Each structure stands twice: as C-alpha cells, then as structure tokens.
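Biologist: I would like to learn how to read an aromatic pair in a model. Where should I start?

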Amino acid sequence: MDGYFGSYAVVAVLLAIGAAIFAGALLINRLLRPDRPTEAKLTSYECGVDPVGDGWAQSQVRYYVFTYLYVVFAVDAVFLFPWATVFAAPGFGMTTLVEMFVFLAFIALGIVYAWRKRVLSWT
C-alpha cells in the first residue's frame with residue numbers, strides 16, 4: 001500500500017479488525033453466558049443496602065463543588081510532574097519557573113474565590 005492514502009488504508013483496516021474483534025467478543029459473551037434473571041437480580045443494588053422508596057433523591061450542590069475542587073487539584077498535579085522534568089533540563093529553568101508560578105497563581109485565585117464564597121466550609 002504505497003502512496004498518500006496507503007497509510008490511511010492501513011489505519012482503516014486495523015480499525016476494522018479491532019472493531020470486528022470487539023464485536024465478536026461481545027457476541028461470544030452473549031451466546032455463552034447464562035441467562036436466568038430473577039426478581040432479586042433485577043433490583044437496584046448499592047452498598048449492600050436494600051433499596052427503599054423511589055429512586056429520586058435530592059443531593060446538595062456542595063458535593064459537586066468539592067468534586068470540582070478535587071478536579072482542579074488533580075489537574076494541578078498532572079501539570080506539576082511534567083513541569084518538574086522540564087525544569088531540570090538546561091536552558092529552561094527561569095522560563096518554566098515563571099510559567100509555573102503563573103499557573104499556580106490561577107489555581108490560588110480559584111481557591112481564594114471558593115474560600116471567600118464559603119464553599120470550603122463543611123456545614
């Protein structure tokens with residue numbers, strides 16, 4: 001497969017083979033698995049507690065805010081590790097240091113905003 005579109009054809013063939021293997025595995029699983037549904041198997045199950053009442057439960061917004069704060073800190077950690085490797089490379093020291101302090105300033109600004117809005121208090 002030479003030429004410009006040859007590489008794309010190889011990728012398309014590999015994607016088709018991968019999709020066929022995936023679909024075949026799902027089909028074989030469906031054919032070989034036991035199918036004996038009972039009422040106990042079809043009920044909702046969470047944390048070992050039997051479901052009581054209807055499925056509608058209201059949750060407070062603060063839990064989502066803590067989730068967003070966790071995501072902010074996780075993204076911060078993801079960016080800190082590559083920065084530490086580039087910081088050690090010769091010729092990048094001061095530039096990467098300034099860039100990281102700008103990044104950390106944005107993170108700190110978000111934390112100060114959340115603190116001022118009293119989002120960080122667990123009451």
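**Reading an aromatic pair**

Modeller: Buried means under 20%, exposed over 50%, and partly exposed in between (1.4 Å probe, protein chains only). This is a predicted model, in which local features need pLDDT of at least 70 and side-chain atom pairs count only at pLDDT 80 or more, while totals for chains, interfaces and linings use all residues. Residues are numbered from 1 along each chain as its sequence is written, and side-chain values use heavy atoms, with hydrogens and water left out.

Biologist: How many aromatic pairs does the structure hold?

Modeller: A pair of aromatic rings is described by the distance of the centres and the angle of the planes. The structure holds one such pair. Phenylalanine 79 and phenylalanine 103 sit 5.4 Å centre to centre with 80° between the planes, an edge-to-face arrangement (Phe, Tyr and Trp rings, Trp by its six-membered ring, pair if centres lie within 6.5 Å; planes under 30 degrees apart are stacked, over 60 edge-to-face, the rest tilted).

Biologist: Which parts does the pair tie together?

Modeller: Phenylalanine 79 lies in helix H3 (residues 61-87) and phenylalanine 103 in helix H4 (residues 93-116), so the pair links parts 24 residues apart in sequence. Helices (H or I, at least four residues) and strands (E, at least two) are DSSP runs, numbered from the N terminus. Phenylalanine 79 is also partly exposed, at 46% relative accessible area.

Biologist: Which residues of H4 are buried?

Modeller: Thr96, Met100, Ile107 and Ala114. Just after H4, arginine 118 has a positive phi of about 60°.
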